[in-house]
Amino acid sequence: MWKFLLPFAAFVALVVLFAFGLNPKRDIHELPSPLLGKPAPVFTLTDVLDASRTVSNGALKGQVYLLTSWGTWCVECRVELPAMLEISRQHVVPIIGLDYMDDREKAKQWLEQLGNPYTAAAFDSDGRTAIDWGIYGAPETFLVDARGRVIYKFITPLTQEVWEHEFLPRIAAARRDGA
Amino acid sequence: MRTHPARHWLMTWALVVAMQGLAAQPESGQSLDANGQLQNPVLQNRFERITKELRCLVCQNESIADSNVQLASDLRRQVREMLVAGSSDEAIFKFMTDRYGEFVRFGPPLEPKTLLIWGAPFIALLLGVAIVYRIVRQRSRMPLDE
């Protein structure tokens, strides 16, 4: 009995392992963010478009908002831009764009030529804010609730579909739970 | 066969130039920062050990000591600054795992949910011992061949 059952059990275990390990939908670069459920790191940076103005997420306390990383070096951000512009037009939540590892002039040009979906674009000149948020690429999008806690993180470009299925319900729930 | 003196000189010169090029390359395993080494050799040792233990999240099988990408360089700067400021190794690792998760460390910590990882070699060993024991016992019960 054992002679048959043991190899069979091993086989089933392997199938389960491969089903998880080789799942093509699973992005091996996607890592769970340790920030989830924790207070969003507060930053004060300069505005990409105007170095004399500051952008701080401290001012957004009491509001649900998005923070998304981008840069002119980021090809995927260019892919994402039309969807981001569309989302921005819906005026559901403020969108903070965190521009990092970038050149301010290039970033300015990018926003002026391709369109600016951000309520405010913060210029993270030395990448320290990105480190605080555990950002390791772009685009990475965080959803922060009214209490200032990170409640969701999405990596890879946002699409209308992701926005509707992953973000809108969470935003609605965050608003229901109240500020 | 004799090499022409001028040629000989030329080859030596080419070799010297090539070796200088090599010398300008950073040694393998050393960080590729413009900042150079830390003044204090104890700190430099700790810097090298810590940066080898931290995973570069962009190229996930490289450590931040080996990786050339900007993120790795930013994280090396962070480690360097914390070392100079007197942070302990634990504080530096905690800084990293608070932001990037346990995945940023190559060695998993010993805690309830990683018990299986740490225990697996011992479980395999016990299993092996049990199997060998059974086989030996079965064979010892068999009649001896003539």
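1. Two residues are in contact if their C-beta atoms, placed from the backbone, lie within 7 Å. By that rule, 13 residues of chain B are in contact with 11 residues of chain A. On the chain B side, α3 (70-84) and α4 (89-100) each supply at least two of the touching residues. The most comes from α3(B), with 5 residues. The side of chain B that touches chain A divides into 6 nonpolar, 4 polar and 3 charged residues. Here Ala, Val, Leu, Ile, Met, Phe, Trp, Tyr, Cys and Pro count as nonpolar, Asp, Glu, Lys and Arg as charged, and the others, Gly among them, as polar.

2. A word on the model. It is predicted: local features need pLDDT of at least 70, side-chain atom pairs count only at pLDDT 80 or more, and totals for chains, interfaces and linings use all residues. Residues are numbered from 1 along each chain as its sequence is written, while chains are lettered from A and ligands numbered from 1 in the order in which they are written.

3. Now chain A. It has 5 helices and 7 strands. Their order from the N terminus is α-β-β-β-α-β-α-β-α-β-β-α. Helices (H or I, at least four residues) and strands (E, at least two) are DSSP runs, numbered from the N terminus.

4. How spread out is chain A? Its radius of gyration is 20 Å, well over the 16 Å that the globule rule gives for 179 residues, so chain A is more spread out than a compact globule. The radius is taken over C-alpha atoms, and the rule is 2.2 Å times the number of residues to the power 0.38. Along the principal axes, the C-alpha atoms of chain A fill a box of roughly 75 × 40 × 30 Å.

5. Of the 179 residues of chain A, 37% count as buried. A residue is buried if 20 or more other C-beta atoms lie within 10 Å of its own, exposed if 12 or fewer, and partly exposed in between; C-beta atoms are placed from the backbone. Among contacts in chain A with a separation of 6 or more, 75% join residues 24 or more positions apart.

6. The peptide bond from A:Ala138 to A:Pro139 is cis, with omega near -5°. A:Pro139 sits between α4 (128-132) and β6 (140-144) of chain A.

7. A:His91 is not a glycine, yet has a positive phi of about 50°. Its loop runs between α2 (75-89) and β4 (95-100) of chain A. A:His91 is exposed, with 9 other C-beta atoms within 10 Å.

8. A:Thr156 is not a glycine either, and has a positive phi of about 80°. It lies in the loop between β7 (150-155) and α5 (160-176) of chain A. A:Thr156 is partly exposed, with 17 other C-beta atoms within 10 Å.
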